[in-house]
Amino acid sequence: MRHQEEVKWSRLDNYSKVFPATWSPKDPKVFRLSCELFEAVEEDVLQRALDITMENFPLYRYVLRRGLFWYYLESSDIVPKVEQESQPVCAPIYTGLRTNLLFRVSYYKCRVNLEMFHVLSDGAGAIRFMRALVFNYLTLLYRERFADIALSGDTSSISEQMDDSYNRHYIGKKAFREMARNEKAQRVKAYKIRGTRTDEYRLSLIEGSMPVKAVIDEAHKYNATLTVYITSVYLYSIYKTMPGRNRNQPIVLTVPVNLRQFFESQTARNFFSTIHIGYNFAKNPDDLEHIIRSVADDFQNSLKAEKLNLQLYKAVSVERNPFARLLPLPVKDFFIRAAVKSYDRHTTSNISNIGKIELPPEFGDYIREFSICTSVRKPQLTMCSYNDRLVVSISSPFKETDIQRTFFQTLSKAGIEIEITSNL
């Protein structure tokens, strides 16, 4: 008698439940992490590197399935294939019409791209995969030169990679319930950026590559961190392009926070929360020094342990509601879409810094820079750094580029040299 092989499956982590319910051709919930090398990519070597990398990341073999009550991940035997880049940036990966892996690896000239449906992981998780992929590629390409080089920093087991860290760190204190109500009551309607949609929902992407040290030095003039400084310049740039009739509305930015920095976790899945950084130019000075001071205070207050535990409570408590568990999947999707639409009324834009990407120092002569961007419903700023290169990417669904121009001009006037690239 032939025994059928057991199919491995996994529930979605908490935040992942939002993405299949809210994806659309306008915003396919895809983000891209890119590595630019100094030499052209060799496809066959990149394919071998991908094959090796997949052995240590079983999560990346999963596909998304629909159940009666929830979406879930199911293990597959699909083999990912490297392809030359031929689709628009952050083109849809999951459409619900076919069974496929939730990421793709492509290349173009000197650039390697990892694109991912957000259900699979967040930026921090994608960095772990990308680091391994680039490491395997370079050690295969220069086998003798890098024979004694090892990739440090990731010793997690498979069970740790698959961990649902939201539920593991959930604290169901009643006090959080009242705090959540008060926070919701304090929300205000934020300024909404409007513009002319790009053709065929294509992403408008403008990237600026600049020296990290120059930006840090400028930030230190204001006693600020790099993230606080860039966030403040972005707020200022949005304000400078606001119509006069809207300048009484606050600008509110959503900022993802990597919770692995605050809670013990080695998960390769999503484990982030969001905080809000706001500034009302009708009630406060519009000079950069005041903006930076306010943004720094917002970051400091939002990153306290109590606030982060509150974010976890809000994320997981709805999922644990017995009534919500019994709702069929189409009804759950309806309520999730309605909640996201309501949430969007209170935010203007998003900004995300996935931080410094580290690889063995011997690779410095082969890797120029890394960058990250994401599909969007509204303009969004993302950034990351490698060695002394910081790449700031502003993606937008609109043809207008006034915010982008103002942002990079502000940095340039501060004496920061910037290389601009665009897909426009």
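Predicted model: local features only at pLDDT ≥ 70, side-chain atom pairs only at ≥ 80, totals over all residues.
Visitor: What turns up in polar contact across the interface of domain 1 and domain 2?
Guide: The rule finds 18 residue pairs there, both partners at pLDDT 80 or more.

Visitor: Which elements make up the side of domain 1 that touches domain 2?
Guide: Strand 1 (9–11), helix 1 (18–22), strand 4 (71–75), helix 3 (123–141) and helix 4 (158–161) each put in at least two residues. The top contributor to that side is helix 1, with four residues. By residue class, the side divides into 19 nonpolar, eleven polar and 13 charged.

Visitor: What makes R260 and D122 a salt bridge?
Guide: Their side chains meet at 3.0 Å, N to O. The cut-off is 4 Å between a Lys or Arg side-chain nitrogen and an Asp or Glu carboxyl oxygen, so the R260–D122 pair qualifies at 3.0 Å.

Visitor: How many salt bridges are there between domain 1 and domain 2?
Guide: The count between those two domains is three. A search of the whole structure gives 20.

Visitor: What puts domain 1 and domain 2 in contact?
Guide: The cut-off is heavy atoms within 4.5 Å. With that rule, 43 residues of domain 1 are in contact with 30 residues of domain 2.

Visitor: What area is buried between domain 1 and domain 2?
Guide: About 3200 Å², with carbon and sulfur atoms giving 56% of that. On the domain 1 side, Y15, F69 and S165 lose the most area to domain 2, together 18% of what that side buries.

Visitor: What makes strand 5 (83–84) and strand 12 (367–374) edge strands?
Guide: They belong to an open sheet of five strands, order 5-6-7-2-12, with mixed pairing. Strand 5 and strand 12 each pair on one side only, and that makes them the edges.

Visitor: What joins strand 6 (residues 103–108) to strand 7 (residues 111–117)?
Guide: Six bridges do, and the two strands run antiparallel. Two bridges are enough for strands to count as paired, so strand 6 and strand 7 pass with six. As one example, F103 has M116 in strand 7 as its bridge partner.

Visitor: What about strand 3 (residues 62–66) and strand 4?
Guide: Those run antiparallel too, joined by five bridges. R65 stands opposite Y72 in strand 4, and a hairpin joins strand 3 to strand 4 through four residues.

Note on methods. Residues numbered from 1 in each chain as written. Heavy atoms only, no water. Buried area = accessible area lost by both parts, 1.4 Å probe. Polar contact = N/O pair within 3.5 Å; in protein donor to acceptor, adjacent residues only side chain to side chain. Nonpolar A, V, L, I, M, F, W, Y, C, P; charged D, E, K, R; others polar.
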